[in-house]
Amino acid sequence: MTRRSIFALLLVGCLSSPSHAAETQAGPDALQPMLQSESLVFNGVTKAKDGRLFSPFQRQTKGKGIELGEWRDGKPVAFPDEAWNAWKQGDDPAKAFVAVNAIRIGPDGDLWVVDKGAPGMGEAPLAGGPKLVQIDLATNAVRRVYPLQAATTDRSFIDDFRFNGRNVYLTDAGQPGLIVLDLDTGALRRALDGHWSTIAQRPLTGQGRTLRDDKGKLLFIHADQLEVSPDGKTFYYQACTGPLYSIETRYLDDAGLSDAERAKHVKLFAATVATGGTAIDADGTIYASDTDGLRILKIAPDGSMSTLVEDPRLVWVDAMWIDEQGGLWIPAAQMNRTPAMNGGEASAVKFPTTIYRLQIGAKPLRN
């Protein structure tokens, strides 16, 4: 499929807004507030099988606050300890969290954490800063650190990650492209590097406004959201502003394949809109937030879309999580109201920030 034909399909998808694909399936009363903070901004949530809950936190003032926390008695506590959350300029960025961006419970039951390794939006990663950290939840100790610097540049912003067997796929939202990490060897390589499917085609938006960084520049968040199908054969990915593309994982896993050949297998999957975060269930349905429409979209395995829930409280929903009881955990991150996305203006975040839960009756994916 040519680039022109893909954008023609995208235009058709945009004209056929997903809000018209089906009526909203869940009412506002179905949203249950589960966790709240009067001072902290978080952009994700993950839940272990034993019920422990964790979130990555976005510091609003440099050097203050935590990067990774466990929710205990309704309040976040630095995890795995204070030292890992106490990094400041001049400290070794390889041994503490510089800027956590994504977390998830892995198929092994450990907590996995991506640190983009850059102290601020648009800043270059520090030497040794970009890393994937594996934390043993039985001992609350770091089990292994996978350095990511060999696959990054000074423009890189390692954003999110997913598992597929012994490979981990990561998105680079700064230097557009994908990264494949071999968990056994630690080897890294880039894929679809600079390919147009990994590049944001328009600036970031939230609540109908075009967003700017703290220096007033338009924000372009490149390869960002990603998911792997239940059978492990299909990889879905998009820039923050959509659309959602797919490629068979065999083409990502084949290290001998050239990017030119790999690019021939990229397909448009769904005409998604500006998105803060996604999740996928065991049936292959993808749940994606709409940062302008303040809703959650359901994307069926055939790419058709419908609205799951729409609510004014769902401001910039970021990385979601599906628990063992069929609940979708929904962090209303309000990232578009922070100075880093609001042109450097004073924070417009309305506290308390809240993580909601919506019963969807789906099974979580365990790849």
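G344 touches D213, D214 and P339, leaving aside residues up to four places away in sequence, where a contact means heavy atoms within 4.5 Å. This glycine lies in the loop between β25 (327-332) and β26 (353-359), with helices (H or I, at least four residues) and strands (E, at least two) being DSSP runs numbered from the N terminus. G344 is partly exposed, because its relative accessible area is 38%, and the scale behind that word calls a residue buried under 20% relative accessible area, exposed over 50%, and partly exposed in between, with a 1.4 Å probe and protein chains only. The C-alpha atoms of G344 and R104, which are 240 residues apart along the chain, are separated by 30 Å.

All of this is read from a predicted model, in which local features need pLDDT of at least 70 and side-chain atom pairs count only at pLDDT 80 or more, while totals for chains, interfaces and linings use all residues. Residues are numbered from 1 along each chain as its sequence is written, and side-chain values use heavy atoms, with hydrogens and water left out.

In β25, six of its six residues are buried. The side chains of a regular strand alternate between the two faces of the sheet. In β25, G327, W329 and P331 point one way and L328, I330 and A332 point the other way, and all are buried. On one side of the pairing pattern, strand β24 (residues 321-322) runs antiparallel to β25 and is joined to it by two bridges, which meets the rule that two strands pair if DSSP finds at least two bridges between them. I322 stands opposite L328 of β25, and the two strands form a hairpin with four residues between them, in whose turn G326 has a positive phi of about 80°. β25 also pairs with β26, in the antiparallel sense and over six bridges, and there the bridge partner of L328 is L358 of β26.

Another cis peptide bond leads from F79 to P80, with omega near 0°, and P80 is found in the loop between β5 (75-78) and β6 (100-105). Most residues other than glycine have a negative phi, and most peptide bonds are trans. N140 has a positive phi of about 60° although it is not a glycine; N140 lies in the loop between β8 (131-136) and β9 (141-147) and is partly exposed, with a relative accessible area of 29%. L192, also not a glycine, has a positive phi near 50°, but L192 is buried, with a relative accessible area of 1%, in the loop between β13 and β14 (205-206).

Strand β12 (residues 177-182) is mostly covered, with five of its six residues buried. Strand β11 (residues 167-172) runs antiparallel to β12 and is joined to it by six bridges, with D182 in β12 as the bridge partner of N167, and the two strands form a hairpin with four residues between them. β12 pairs in turn with strand β13 (residues 188-191), in the antiparallel sense over four bridges, where V180 has R189 of β13 as its bridge partner. This second hairpin has five residues between its strands, and G186 in the turn has a positive phi of about 80°.

Seen as a whole, the chain contains three helices and 26 strands. The C-alpha atoms fill a box of roughly 50 × 50 × 45 Å along the principal axes. Of the 367 residues, 57% are buried, and of the contacts with a separation of 6 or more, 54% are between residues 24 or more positions apart.
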